[in-house]
Amino acid sequence: MTEQKSLIEYPSEFPIKVMGKVNPDYLPAILHIAHQFDPTFDESKVEQRPSKDGNYLGITLPITATSREQLDELYRTLSTHPLVSVVL
């Protein structure tokens, strides 16, 4: 089996976009998850964008990616969270 070379150099800042319905628990839950996977996570760099009708909130999390495994597990954790609709 050949090892694939990553297109991402680690460590590096990596933006993860999360979309979910507006809910008072949504943003705190996403920020908590981000801190679990990146102890250096800086909440001041988070970008929030409400949808046109205000029913959804898009959040961009600038994570310090340290490995492919970290990113894979972060995507899995976010995408299975009940308040999350989409992770990009």
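Predicted model: local features only at pLDDT ≥ 70, side-chain atom pairs only at ≥ 80, totals over all residues.
Strand β1, helix α1 (26-37), strand β3 (56-65) and strand β4 (86-87) are among the elements that cover the buried residues of helix α2.

Helix α2 runs over residues 68-79. At 1.5 Å a residue, its 12 residues should span 16 Å, and the C-alpha atoms at its ends are 16 Å apart, which agrees. The buried residues in α2 are Gln70, Leu71, Leu74 and Leu78. They cover an arc of only 95° around the axis, so they sit on the same side of α2. The general rule behind such spacing is that an α-helix has 3.6 residues a turn, so residues three or four places apart point the same way. On the other side of α2, Arg68 and Glu69 are exposed.

Leaving aside residues up to four places away in sequence, Gln70 touches Phe37, Ile63, Thr64 and Ala65. Of the covering elements, α1 spans 26-37 and β3 spans 56-65, so Phe37 lies in α1, while Ile63, Thr64 and Ala65 lie in β3.

With a relative accessible area of 32%, Met19 is partly exposed. Together with Val86 and Leu88, Met19 forms a nonpolar patch on the surface, and the three have about 260 Å² of accessible area together.

Definitions and conventions. Residues numbered from 1 in each chain as written. Heavy atoms only, no water. Patch = residues over 30% accessible without salt bridge, like charges linked within 9 Å, V, L, I, M, F, W, Y side chains within 5 Å. Areas by Shrake-Rupley, 256 points an atom, 1.4 Å probe, with all protein chains shown as cover. Salt bridge = Lys/Arg side-chain N within 4 Å of Asp/Glu carboxyl O. Buried < 20%, exposed > 50% of the residue type's maximum accessible area, 1.4 Å probe, protein only. Helix = DSSP H or I, 4+ residues; strand = E, 2+ residues; numbered from the N terminus. Contact = heavy atoms within 4.5 Å. Expected span 1.5 Å × (residues − 1). Arc of directions from axis to C-beta.
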